[in-house]
Amino acid sequence: MEIEDLLTIESIRDRNELIKLVYEYFGIYDLLKKIKNYSVKGETHTMPKLNFFIEGLQGAGKSTLVKRLSDRLPDYTVFHEGDYSPVELAWCAYVTEAQYKDILARYPTLQKEIQDKTVTEEEYRIIRYTQILTDVPGFHKDLEKYEIYNGNLDRESFEQVIFSRFRKWNGEGQIFECSVFQNIIDNQMLYFMMSDDEILAFYERLHGILSGKPYRILYLDVEDIEAAIGVIKKERSDDNGNELWFPLMLKYLAESPYGKEHALSGMAGLLRHLEKRRNLERRIIDRIFKENTIVVKAKDYKLDEMI
């Protein structure tokens, strides 16, 4: 079957059906490079823009790649961690209406800031609480317990939230930072202590939900994890050289159920966890998302070959 034959099939009723056929016969990425418009029954339609998910370990250079990609694609919408995102909820509080009213009552001096950083989704409110700058004691620590991560939700509820958001998402021309692997897998490994097979089964389901949606995962593979952590330790320090991110990361790891059970502490414990996570992410890509993913060496890639 030729591309021209595919694009003039009379049975194609809508864009989603065309996209499914594209996946089945050719793979959407190669085809999208060849065509931007297609004709169905004499009507011209525009192919949806690809969405990009930027993934990789801490220190891989994800933020840099997001910046480079957004500079190259200025009409795309970028979602960083902590932003209100259609798929990701990292660094955001996910609360019911009753919980939201309680939070406003507990922090009367921050009501306007909280309201300005809140989005309503059906019966839930999403608060970008980490974007609120305040000296009010305990505010950020208090709202952290309303995140969907860190074991705050049980496994079934957590998966329901993730699957529901990806199922409803039908965006195009969007760039996401750490929205497929990092936060989800850390929660699964460190708090639910799921086996590799259980995590793979989760991603099999997620892959099915994403079927027919135009997306590409750009995975920055870190070969020297210790060196990457060394760089990020320096980058995330204050003007006096005091490390800000590293001590928090070590505490997060050591205090997790998995960290306690496996005595993960210090740099050695962090490296053990990240090496295991990297290997698992590569397995997920190779087994499930291979056709949707480009894997490159962290900080050693050509942008033109990725888009």
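This is a predicted model: local features need pLDDT of at least 70, side-chain atom pairs count only at pLDDT 80 or more; totals for chains, interfaces and linings use all residues.
Local features need pLDDT of at least 70 and side-chain atom pairs count only at pLDDT 80 or more, while totals for chains, interfaces and linings use all residues. Residues are numbered from 1 along each chain as its sequence is written, and side-chain values use heavy atoms, with hydrogens and water left out.

The pockets come first. Rolling a probe the size of a water molecule over the atoms shows where empty space is left. On a 1 Å grid over the protein atoms alone, a pocket is an open set of points where a 1.4 Å probe fits, with protein on both sides within 12 Å along at least five of seven lines; a cavity is a set from which the probe cannot get out, and lining residues have an atom within 4 Å of a point. Grid points are joined across faces, edges and corners, and a volume is the space filled by probe spheres set on the points.

The largest pocket holds about 1400 Å³ of space. It is lined by 41 residues, of which Trp91, Trp245, Leu248, Met249 and Tyr252 are the closest to its centre. Two or more lining residues come from each of α4 (62–72), α7 (139–144), α9 (182–191), α11 (225–235) and α12 (245–255). Helices (H or I, at least four residues) and strands (E, at least two) are DSSP runs, numbered from the N terminus. The largest share of this lining, 6 residues, is from α12. By class, the lining of the largest pocket has 15 nonpolar, 13 polar and 13 charged residues; Ala, Val, Leu, Ile, Met, Phe, Trp, Tyr, Cys and Pro count as nonpolar, Asp, Glu, Lys and Arg as charged, and the others, Gly among them, as polar.

The second largest pocket has a volume of about 510 Å³. Its lining has 22 residues, and Tyr94, Glu123, Tyr124, Val161 and Ser164 are the closest to the centre. At least two lining residues come from each of β5 (93–96) and α8 (155–168), and α8 gives the most, with 6 residues. This lining divides into 9 nonpolar, 6 polar and 7 charged residues.

Threonine 118 lies in strand β6 (residues 118–121). Its relative accessible area is 15%, so it counts as buried (under 20%; exposed is over 50%, partly exposed in between, with a 1.4 Å probe and protein chains only). A polar atom of its side chain lies 2.5 Å from the backbone oxygen of isoleucine 114. Leaving out residues up to four places away in sequence, threonine 118 touches Tyr100, Arg125, Ile126, Ile127 and Arg128, where contact means heavy atoms within 4.5 Å.

The structure holds 21 salt bridges, each a side-chain nitrogen of Lys or Arg within 4 Å of a carboxyl oxygen of Asp or Glu. In one of them, aspartate 142 pairs with arginine 106, the closest N and O atoms being 2.5 Å apart. This pair links distant parts of the chain, 36 residues apart, with aspartate 142 in helix α7 and arginine 106 in helix α5 (residues 97–106). Aspartate 142 is buried at 12% relative accessibility, whereas arginine 106 is partly exposed at 33%. Asp102, Arg106, Asp142 and Lys145 are linked in a network of salt bridges.

Helix α7 also contains lysine 141 and glutamate 144, which are 3 residues apart and therefore separated by about one helical turn. They form a salt bridge with closest N and O atoms 3.7 Å apart.

Terms used: A polar contact is a pair of N or O atoms within 3.5 Å; within protein, one must be able to donate a hydrogen and the other to accept it, and residues adjacent in sequence count only if both atoms are side-chain atoms.
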